[in-house]
Amino acid sequence: MSDSTLSTFSTCGKYFSSFGADGKLRIWDTLSNTLKQEYTPNMHLTSPITSLKWIKLSNPTYPTKIKRKSMDDNPLESDILLLGTRNGQLQFYSVSSGEVSNELAKSHDSAITCMAWCKSVNYVYTASEDSHILEWSLKKNKMKKKWFAGTGRITSLALSGDGSYLYSASRSIQWWDLESKSVIKKFTGHSSAITSLSHVSTLSGNYLLSAAKDDKFISAWSLNESNDEKTSIASFVLDDTAAEMSVFAEDDGASATMMALSSSGTLHTFKLKLNGKCSKSVKADHIIQLAPNEGSKTLSLSPIPICSSLPKSDSSVLIAYGSGVLLKFETIAIDSPETLIILVRKDTRKKVSIKNQDSLKVVSASTADASYSHPGVVNGSNSVDLKRNSSSKLKDLPMEERLENLQLNKIDTPAGSSVPPDSLAQLLIQGLKSKDKNILYSVLSSRSEEIVNNTVARLPVQVILPLVEQLTSLTQSKSWGSEVAVRWLKCILSVHSAQLLASPDLSSKLSPLLGLIETRLNALPPLLRLRGRLDLLLDQFSGKPSVPITSYDQSDFLVYEDKDSDEEEGSDDIRMGHTTDSSGEDRWDELSDEESVDGNGEDVEMASD
């Protein structure tokens, strides 16, 4: 199934559940290969299901405010599907009644990402994006304990066989003592988020198996408190990235078998022989693939993907294969001496049909908060039960009633946006796959930087390069397209830089963009000079100087009066007994001549002496 689909088998393998992008929860009966129920949660648009977990309850008790419409077929033990939602709510879906029979008080502040169930004490452990783990008592229908489990987003939980230890995983694994809620040991070795954990007990000891999202191997860790080893002791190789992993072990621990499903739909089986550290990677004992039969008139000759698996014994496994609502279930015996096992089956993808429609039970939410219209935009006000006659076909709610229930006065979205980032991310993925420009432009036209960052952060790595190609072509358009493309490219380079650097096609994808940037940078200096000249011409035409003249206060700040120099000289002559008229000046000249003559005479007299 696709990455956005949640699916899992029940504990005994009787039922198979899946929740897809269409917001519907589907339950299959694996014995009869029929779709048993379809359930649409009342908040499937604004708060969809984010996690699934099957449990069995003996004599379940429910709060008095919730009345059950029907009793379980087996009141001593009933199959219950736990539903974790985006808003942190934990719900109990009963297969026998076809409705949510119980809801626990909301204690998580964000989406529930994974769950684990301890059958011996009837406890459920939930983890969410807020990095907290909650311990719930199903007997008392309340939370027992809540603690902080680190800064990373918890993506998987697992319990030990006796229920005394809990294992939580993000990119690393933490081993918890449930009595003291303390970390015993921490394991590191995966480069991406861990998607699956399984505890296994053998004669040689206890071990933990882990599979990560982008890794083509499964790691085994030794659960020995006296051992200081914090790295994996063994690695099991797959042909593609791991999608699912489960373990079957005998009660006495004499043998254990691991079955891993790759993202390409191929099943790998391993006989676990863990005893000390193994330096070489372990290859699969059997590789199981499904091929379409010769008479299948399909457009593609690709193998039939295996969607999920559940080991029944060390030599048999229950598988689900097909796609969408066209699923088949079969128990396969693994007794071939050959490593590669190719099974020929009828391809259910070639024709869209549902058999035994009389046994299909379609259920809708019974509350008055049903939501219709665009994903995540509005909340409806009415709920309509879909009734089915034996001769009628599957049908959805009529568009007329959806429009009547449309309500635009309540929008539960981030500020400045009409669609939440998750819906924008889904629309963007749909637009990239269908190459629909209308969808792409409607998403890319968002001007809120916060919404752009949140949308890019929620995109899977597989669509990053196609999105970069679309944005590169958009930069070559008019100014609006260039502005939009630059805003999204800036966010992509900051969020997914590691993925881009790891891509071998990065240079070819970004070469048109780099050439365009270089061309525009070379044209920038002439444009700036032209702008300056145009500004000067416009200033001259308008008669206004380009630099405004600032008027200053021209009044005297300080005045200093200096007396006239002629007046000072006259006053000095008066004090010395001289006059200041013109005759005095003539006299001064005559005296000067006489003094010069007298001087010469004195010199003569001195010479004669």
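1. Tyr15 has a relative accessible area of 8% and is therefore buried, since buried means under 20%. Trp54 is likewise counted as buried, at 3% relative accessibility. These values come from a predicted model.

2. The model contains 12 aromatic pairs. In one of them, the ring centres of Tyr15 and Trp54 lie 5.9 Å apart with 15 degrees between the planes, so the pair is stacked. This pair links distant parts of the chain, as Tyr15 belongs to strand S2 (residues 15–19) and Trp54 to strand S5 (residues 49–57), 39 residues apart.

3. Tyr39 and Tyr93 also form an aromatic pair, here a tilted one, with 5.1 Å from centre to centre and 50 degrees between the planes. Tyr39 lies in strand S4 (residues 34–40) and Tyr93 in strand S7 (residues 90–94), so that distant parts of the chain, 54 residues apart, are linked. Both Tyr39 and Tyr93 are buried.

4. Helix H5 (residues 464–475) packs with helix H8 (residues 506–522) at an angle of about 30 degrees, and their axes are 9 Å apart. H5 and H8 are therefore roughly parallel to each other, and their crossing is left-handed.

5. On the H5 side, the contact involves Leu465, Val468, Glu469, Thr472 and Thr475, which meet Lys509, Leu510, Pro512, Leu513, Leu516 and Arg520 of H8. The residues of this contact comprise 6 nonpolar, 2 polar and 3 charged.

Definitions and conventions
Residues numbered from 1 in each chain as written. Predicted model: local features only at pLDDT ≥ 70, side-chain atom pairs only at ≥ 80, totals over all residues. Heavy atoms only, no water. Axes fitted to C-alpha atoms, helices over the stretch in contact; angles between N-to-C directions. Helix = DSSP H or I, 4+ residues; strand = E, 2+ residues; numbered from the N terminus. Parallel < 35°, antiparallel > 145°, perpendicular 65-115°, else oblique. Left-handed = near helix turned anticlockwise from the far one by under 90°. Contact = heavy atoms within 4.5 Å. Nonpolar A, V, L, I, M, F, W, Y, C, P; charged D, E, K, R; others polar. Phe/Tyr/Trp six-rings, centres within 6.5 Å; stacked < 30°, edge-to-face > 60°. Buried < 20%, exposed > 50% of the residue type's maximum accessible area, 1.4 Å probe, protein only.
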